[in-house]
Amino acid sequence: MTVVFGGNDSGPAAAPAPDTADRVTRPASPSASGTPSSKEPEPEPSAPSDEAPSASTSASTSPEADLTAPDGYAQALSTMWGLAPVPCTQHEQQLVDLDDGTSRTEDENNGAVQEPGGAELLYWPDTCTGLGDYQLRALPNTRVGLLRADAPKSFDSCRAAAGTGFGALALSERTDREERGFVEGAALCSVTDKGTVSMAVIEHIAGGAVDDVSVSGPLHIWAAAP
């Protein structure tokens, strides 16, 4: 055994090499372990995340909007639009102008409109029974149609859809909405009295059979170039 001396004070003797007992009781370093089997189960929690994309694919079937403007039209502008019913006892109906997304109200008259004022859409209480009974339709002498959720969202597809017409639809009836294609991801398209091509995307729908339905989403507007 080697002993180290320094000065008048004798230093501590060098520690002996670890014996077998030391090697057994000393915990093994994780990096030194040659058995990765204890680490292999870790990927298991990732299994639910692998299933997440397939579960959400049906919720996002609407393609992104192509806002390219053709010749003769200004660059697309984007704003918001919406339908916001009030209790039918207030005797109000909502008119929406798709040239800019603005809306106004007037006295309800069983779906008759006193002054369209350039609006394209009418949202009115049909029977006022206390349940959800608001209906939506295009105003007479307007060009409005529904662009389905899986259809391309572009100037050309929207202008084509605008010529298909949009009759009265009870938004509180979910089955009717879905059969007509009035669902999140679809859009109401119009060629307005000013020659504007408008695409009102249905991004959010709230309400149902008991509560009158509210709708909101982005409005993309291609104005005719002067």
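Cys 158 and Cys 189 are joined in a disulfide, with 2.1 Å between their sulfur atoms. The term is used here for a pair of cysteine sulfur atoms within 2.5 Å, and by this rule the count comes to one disulfide. The link ties together distant parts of the chain: Cys 158 belongs to helix 3 (residues 155-161) and Cys 189 to strand 12 (residues 187-191), 31 residues apart. Helices (H or I, at least four residues) and strands (E, at least two) are DSSP runs, numbered from the N terminus. The torsion about the S-S bond is -115°, and the link of Cys 158 and Cys 189 is left-handed.

This is a predicted model, in which local features need pLDDT of at least 70 and side-chain atom pairs count only at pLDDT 80 or more, while totals for chains, interfaces and linings use all residues. Residues are numbered from 1 along each chain as its sequence is written, and side-chain values use heavy atoms, with hydrogens and water left out.

Are the two cysteines buried or exposed? Cys 158 is buried, at a relative accessible area of 0%, and Cys 189 counts as buried at 0% too. Buried means under 20% relative accessible area, exposed over 50%, and partly exposed in between, using a 1.4 Å probe and protein chains only.

## Strand 13 and its two partners

Two strands pair if DSSP finds at least two bridges between them. Val 191 has Val 197 of strand 13 as its bridge partner. The hairpin of these two strands has five residues between them, and Gly 195 there takes a positive phi near 85°.

Strand 13 also pairs with strand 15 (residues 214-222), again in the antiparallel sense, over four bridges. Here Val 197 stands opposite Trp 222 of strand 15. Five of the five residues of strand 13 (residues 197-201) are buried, so the strand is largely enclosed by the rest of the structure. In a regular strand the side chains alternate between the two faces of the sheet. In strand 13 both faces are covered, with Val 197, Met 199 and Val 201 buried on one side and Ser 198 and Ala 200 buried on the other.

## Two nonpolar cores

A nonpolar core is a set of buried Ala, Val, Leu, Ile, Met, Phe, Trp, Tyr and Cys residues joined through side-chain atoms within 4.5 Å. Which members of the largest core touch the most others? Of its 25 residues, they are Trp 81, Leu 136, Phe 166, Leu 171, Phe 182 and Leu 188. Strand 4, strand 7, strand 8 (134-138), strand 9 (143-147) and strand 15 are the elements that give two or more residues to this core.

Another core, of 14 residues, lies apart from the largest one, and among its members are Leu 147, Ala 151, Ala 161 and Met 199.

## Salt bridges

Side chains of opposite charge can pair when their charged atoms come close. A salt bridge is a side-chain nitrogen of Lys or Arg within 4 Å of a carboxyl oxygen of Asp or Glu, and the count comes to three.

Asp 156 and Arg 159 meet at 3.9 Å, N to O; both lie in helix 3, three residues apart, about one turn of the helix. Asp 156 is exposed at 53%, whereas Arg 159 is partly exposed at 36%. In helix 4 (residues 174-180), Glu 178 and Arg 174 are four residues apart, about one turn, and their salt bridge spans 3.0 Å, N to O. Arg 174 is exposed at 57%, while Glu 178 is partly exposed at 43%.

Glu 106 and Arg 104 also form a salt bridge, at 3.8 Å, N to O. Here Glu 106 is buried at 10% relative accessibility, and Arg 104 is partly exposed at 32%.

## Positive phi in two loops

His 91 is not a glycine, yet has a positive phi of about 55°. This residue lies in the loop between strand 4 (77-83) and strand 5 (92-96), and is partly exposed at 45%.

Asn 110, also not a glycine, has a positive phi of about 55°. Asn 110 lies in the loop between strand 6 (103-107) and strand 7 (121-125), and counts as exposed at 64%.
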